[in-house]
Amino acid sequence: MPDAVVLRSLTKTFGEKVAVRDLDLVVPQGALYGFIGPNGAGKTTSIRMMLSILYPDRGEVEILGRRSAQEAKDRIGYLPEERGLYRRMKVRDLLEYMAALKGCQEAGLRRRVDEWLERVGLGGSAGKRCEELSKGMQQKVQVLAAMIHQPELLVLDEPFSGLDPVNQRLLRELVLEQHRRGATVLFSTHAMSHAEQLCDRIVMVHRGQKVLDDTLQGIRTRFDPHSLWFEPRRPEDDPAALASLDWVRSVRRDGPVWEVVPREDIDLSAAFGLLAAAMPPARIELRRPTLEDVFIEIVAGTGADEGEQSQLRAAMRGGAGDMEAGS
Amino acid sequence: MKKIMLVAGREFMATVSTKAFIFGVLFTPLLLLAMAVLLPKLMDTAPPKLKGEIAVIDPTGRVGVALGAQFSPEALAARREAARRKVAEVTKDLAPAGKAVADQAAESALGGTPELSVVVLAPGADLKAAKAPLMVDAEAGPGRLAVAVVHPDAVQRPDPSAPFGTYDLYVRGKLDDRVQDEIRRGLREAIIEARVEQSGLQRSEVEGLMTVRAPDSRTVTKKGESRTNEVANVLVPGGFMILLLLSVMTGGQYLLMSTIEEKSNRVMEVLVAAVSPFELMTGKILGQMAVGLLVLFIYAVLGISALAVFAALGALDPWLIVFLLVFYLLAYLTIGALMAAIGSAVNDVREAQSFMMPVMLVTMLPWLLWVPILRDPNGALATTLSFIPPVGNFVMLLRLSSTAAPPMWQTVLSIAVSALGVWAALWFAAKVFRVGILVSGKPPTFATLLRWARMG
């Protein structure tokens, strides 16, 4: 079975600016990939080249076993970042038209359109014009338009932006359903929380270059911070004093909680007991790396200064709505 | 190909199902027709009532009497009958429907029967007193409308080499100009009548000598002789050109607008993920081509029915319909391709304006050149323009529908050059379209478009 997406040394420049530099990427069939990075990292340009909307200056693209997405258009579903609808067209007509453009004209199409509209809560809007829908409703129609022809490869560019938490959850369910059906899914986001909730594999780009390509589990192991979150039970206890213990390497305050980093040779499960014995805890927790931490660590390795790091951190958290989506 | 037809089908339906299209294309001709029928009616519903009195101070003693005869009921009735006969003469070739329209127009133009009385005052009458009744409002109803003072030498000259005298006319304020015309006409006729009588001649004799009836004019061509129809000779080619222009511009404008809309609505990228930019552009051009053809069909049917009503169908060569279609395709494809390119490059309608100048020029030229070309359909101007696409399409259609058809080789060459023009325009548009649809931000210039066309 060929891989769904293969990119080899893809490079694209716009004038002076290098948007994508030597990007290699393999997405196996049936995978659920997150394509992450801050705004302007080159995600949309990469996706556009992948789909033959833009042509690379250098490098090769292979999509669903074909030399170009042009030859596999009908098997791909695409939700662009810049998405729109025909404002005057009726919702049902629009979805049927989009499906027909993708070569899908079977008899059951209308029923599927109506069913899907019902599922996303737009059952009563099938006969309305697109311009009569709210922005969030329009976005749901756009998502359906990308999926209605049951594609083998689903590419979603920033699908969550602009949706409220309820609809973000609905979208996640739709994506997972397509994935279970066997579709390969690749979606880009600048908000790491979405990737953490959905993906089994993460590709990170920064300044047009791939900086990370690993499974979520692999990333967690590789970037394990080897530390614990700690909160004392008694307010009078000062966790700063823990730094004097011989098994502790460092203690750092982070808001209401403290990060306790044991020595390298101390096993973390042993550290739980040692910490609880040293000071009565309200909470002890194994600190897991977030994609945000991983990203910042990688970027720091490339020589980004403090200011740039905090900017990136803010960018990757995305809007407040994005953060709460997982709750 | 299937996708192209899908795009074309949506484009066509989205355009013709809008209120703007239905109103603009279907109702405009109806509106024009209604105006042509109703406006004259409205204007003539109340022809001025010729009712009142004309005072004449007449030292000659002849004009006043003749004027009285001019406005007698018998004379008026005779004049109306003559006018009606003249109208019948002109409309005798028309089909019944056309005749009815013409008769109605003639009837309303003649207006109601005037009731004018003539008061002849003594030669030495006081002018000031005679004029006094004029100083009332026009609304004051019947009364004295005018005072005419005939010069003593108006009928008889003291010296045969000197010119005849005339008359002075004083009229009431706000007197309808048609009433004034009627009074002047009556006075002129009365004076002539008096002069002719004074000379001892017969009026009918003099008039007979002075009249040459309109000639029977025939146009001689290789195909044979035909009755010259001056009006049809200018109007039929003009009609064809307007038809061509109208349908090309309708399709072109809609194509421009829908492309800009797709771009500004951000629906473009969704579309090019499903169809290639070339398929999209081709589909859109074909869809609007059908819109233009629909417009062409509607107006052509209207035009042909109008010709049928006025029994002028003979002026129409069936080949012209074929040429109309051929030149429509050529002109539309050239202009439509340019419209698609412009629409894809700009971000909004305002930015499109600067690019529209050359296109508008192309559509203005035929209007400016209509008459010069018809005067000399095979002259240097007409011949040269025939080979410059897309203007050549309009010029060639004008020439083909004129009385002096161009040589066959010129028609063929013009079509060939236009076909090349279509190819070039489509090539350019495809290149620009592919880049333009995804570019946003800075408004593009001509240089940008050319750079895009040279890319890849």
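Colleague: What share of the residues in chain A is buried?

Modeller: Buried residues make up 52% of the 327 residues in chain A. Buried means under 20% relative accessible area, exposed means over 50%, and partly exposed is in between, with a 1.4 Å probe and protein chains only. Keep in mind that this is a predicted model, where local features need pLDDT of at least 70 and side-chain atom pairs count only at pLDDT 80 or more, while totals for chains, interfaces and linings use all residues. Residues are numbered from 1 along each chain as its sequence is written, chains are lettered from A and ligands numbered from 1 in the order in which they are written, and side-chain values use heavy atoms, with hydrogens and water left out.

Colleague: How many helices and strands does chain A have?

Modeller: Chain A comes to eleven helices and 13 strands. Both are DSSP runs numbered from the N terminus: helices are H or I with at least four residues, strands are E with at least two. As for contacts in chain A with a separation of 6 or more, 68% are between residues 24 or more positions apart. Contact means heavy atoms within 4.5 Å.

Colleague: Let's do sheets. In what order do the six strands of the open sheet in chain A come?

Modeller: Strands of a sheet pair through backbone hydrogen bonds, either parallel or antiparallel. Here two strands pair if DSSP finds at least two bridges between them. The order in chain A is β5-β6-β7-β3-β8-β9, with mixed pairing. The edge strands of chain A are β5 (76-79) and β9 (209-215), each pairing on one side only. From one strand to the next, the twist averages 15°.

Colleague: Which way do β3 and β7 of chain A run, parallel or antiparallel?

Modeller: Parallel: five bridges join β3 (residues 32-36) to β7 (residues 184-189) in chain A. To find the spot on screen, look for A:Phe35, which stands opposite A:Ser188 in β7(A). β3(A) also pairs with β8(A) in the parallel sense, over four bridges, and there the bridge partner of A:Tyr33 is A:Arg201.

Colleague: And what stands opposite A:Arg201 in β9(A)?

Modeller: That's A:Thr215. β8(A) and β9(A) run antiparallel and are joined by six bridges. They form a hairpin with two residues between them, and A:Arg207 in the turn has a positive phi of about 50°. β8 (residues 201-206) of chain A is mostly covered, with five of its six residues buried.

Colleague: On to helix packing. At what angle do α4 and α5 of chain A cross?

Modeller: Axes are lines fitted to C-alpha atoms, for helices over the stretch in contact, and angles run from 0 to 180 degrees between N-to-C directions. In chain A, the axes of α4 (residues 135-147) and α5 (residues 165-181) cross at roughly 5° and come within 12 Å. That makes α4(A) roughly parallel to α5(A); the cut-offs are under 35 degrees for roughly parallel, over 145 for roughly antiparallel, 65 to 115 for roughly perpendicular, and oblique for the rest.

Colleague: Which residues of α4(A) meet α5(A)?

Modeller: A:Lys140, A:Val143, A:Leu144 and A:Met147 do, and among their partners in α5(A) are A:Leu170, A:Leu174 and A:Gln178. By class, this contact of α4(A) with α5(A) has seven nonpolar, two polar and one charged residues. Ala, Val, Leu, Ile, Met, Phe, Trp, Tyr, Cys and Pro count as nonpolar, Asp, Glu, Lys and Arg as charged, and the others, Gly among them, as polar.

Colleague: What covers the buried residues of α2(A)?

Modeller: The cover includes α3 (109-119) and α4 of chain A, together with α1 (2-16) and α10 (268-274) of chain B. Nine of the eleven residues in α2 (residues 91-101) of chain A are buried, including A:Leu94, A:Tyr97 and A:Met98. After α2(A) comes A:Gly103, with a positive phi near 80°. From the chain B side, take B:Arg10 in helix α1 of chain B, which counts as buried because its relative accessibility is 12%. Setting aside neighbours within four places in sequence, B:Arg10 is in contact with A:Tyr86, A:Met89, A:Tyr97 and B:Glu262.

Colleague: Last one: how many disulfides are there over all chains?

Modeller: A disulfide is a covalent bond between the sulfur atoms of two cysteines. The search looks for cysteine sulfur pairs within 2.5 Å, and over all chains it finds zero. As for accessibility, A:Cys104 is buried at a relative accessible area of 6%, and A:Cys130 is buried at 1%.
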